[in-house]
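Q: Could you walk me through this one slowly? I'd like to start with the strands and then move on to the helices.
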Amino acid sequence: MPSEHDSTDLILVTGPSGAGRTTAIHALEDVGFEAIDNLPLSLIGALLASDEGRRPLALGLDVRNRDFSIDAAQALVERLRSDPDRIVRLLYLDCAPDTLVSRFSETRRRHPLAPDEDVETGVARERDLLIPLLEQADIVIDTTALTIHELKAELQSTLAHGHTRRLALSLQSFSYKRGMPRGLDMAFDVRFLRNPHWVPELRGLTGRDAPVAEHVAGDERFAGFFRRVEDLILSLLPAYRDEGRAHLAIGFGCTGGRHRSVAVTERLAARLAEAGWRVSTRHRELDRRGRGPARGLQ
């Protein structure tokens with residue numbers, strides 16, 4: 001394992017077309033990475049061999065490259081990870097199929113894997129092709145509900161140069177009605193806690209509001225549950241950090257994603273931050289309110 005001081009960061013960025021790879025490359029460039037997109041796989045070895053400046057580097061892996069194959073991409077990742085002079089991370093930008101179709105429809109572009117067929121076919125074909133890289137990824141970010149600015153903030157929080165050796169935590173709340181967010185490393189169901197939705201004066205508030213947080217914490221099962229979850233996560237984080245993980249995503253789900261899951265996420269985020277961990281929060285259902293689906297990611 002290279003030390004923080006004698007190694008160079010290399011971020012490989014991939015994912016289905018339309019999920020945000022180009023946006024991610026630009027965001028990494030903004031925080032100090034030398035960024036190169038669409039470089040043929042066969043040229044990456046020569047590029048790294050001549051990388052005398054040893055700047056942190058972000059490379060986009062795109063299925064449209066003429067020499068791209070899933071076997072070659074997987075072999076490249078493994079070969080680069082074996083380099084003792086580099087800290088290598090594979091970042092996978094994921095996205096729901098219907099959102100990818102919507103993004104392609106907005107731009108009226110043809111899908112690269114289905115130039116003579118419908119976009120849905122191309123999206124499904126590419127997602128199936130990239131499954132091995134998804135499984136190989138160190139970091140998975142679901143861009144389905146993210147704006148460009150939110151994706152940039154997430155990337156800069158997780159991968160900004162000078163911080164890649166620190167484990168970044170992402171705590172997320174969500175509604176089980178809309179399914180679990182992709183990319184979670186662990187998830188907790190908090191629907192057993194009493195629901196502020198059935199209290200008229202609390203229904204219009206969210207888990208960020210003190211009356212709702214107090215109502216949730218007042219459930220007789222809350223204190224024991226929260227203490228055990230906090231102890232579990234605090235006991236695991238050093239092990240994940242020592243294992244080389246750069247990012248860990250933890251989710252809390254409830255029925256509507258507005259009260260219980262938000263309150264638990266906020267409280268745990270505060271406790272983990274107090275313990276010295278770098279934490280960001282995302283409330284998927286709250287973020288959806290007041291705006292439509294994410295647009296413009298490339």
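**Strands and helices**

A: Phe174 stands opposite Gly253 in S8, where a strand is a DSSP run (E, at least two residues; helices are H or I, at least four) numbered from the N terminus. This is a predicted model, in which local features need pLDDT of at least 70, side-chain atom pairs count only at pLDDT 80 or more, and totals for chains, interfaces and linings use all residues. Residues are numbered from 1 along each chain as its sequence is written, and side-chain values use heavy atoms, with hydrogens and water left out.

Q: How many bridges join S6 to S8?
A: There are 8 bridges between S6 (residues 168–175) and S8 (residues 247–254), and these two strands run parallel.

Q: And what's the strand order in the open sheet?
A: The 4 strands follow the order S7-S8-S6-S9 with parallel pairing, and two strands pair if DSSP finds at least two bridges between them. At the edges are S7 (186–189) and S9 (278–283), each pairing on one side only.

Q: Switching to helices, which residues of H2 and H3 meet?
A: Leu41, Ile44 and Leu48 in H2 meet Ala72, Ala73, Leu76 and Leu80 in H3, contact being heavy atoms within 4.5 Å.

Q: At what angle do their axes cross?
A: The axes of H2 (residues 41–49) and H3 (residues 70–81) come within 10 Å and cross at roughly 15 degrees, with axes fitted to C-alpha atoms over the stretch in contact and angles running from 0 to 180 degrees between N-to-C directions. H2 and H3 are therefore roughly parallel to each other, a label for angles under 35 degrees.

Technical notes: Parallel < 35°, antiparallel > 145°, perpendicular 65-115°, else oblique.
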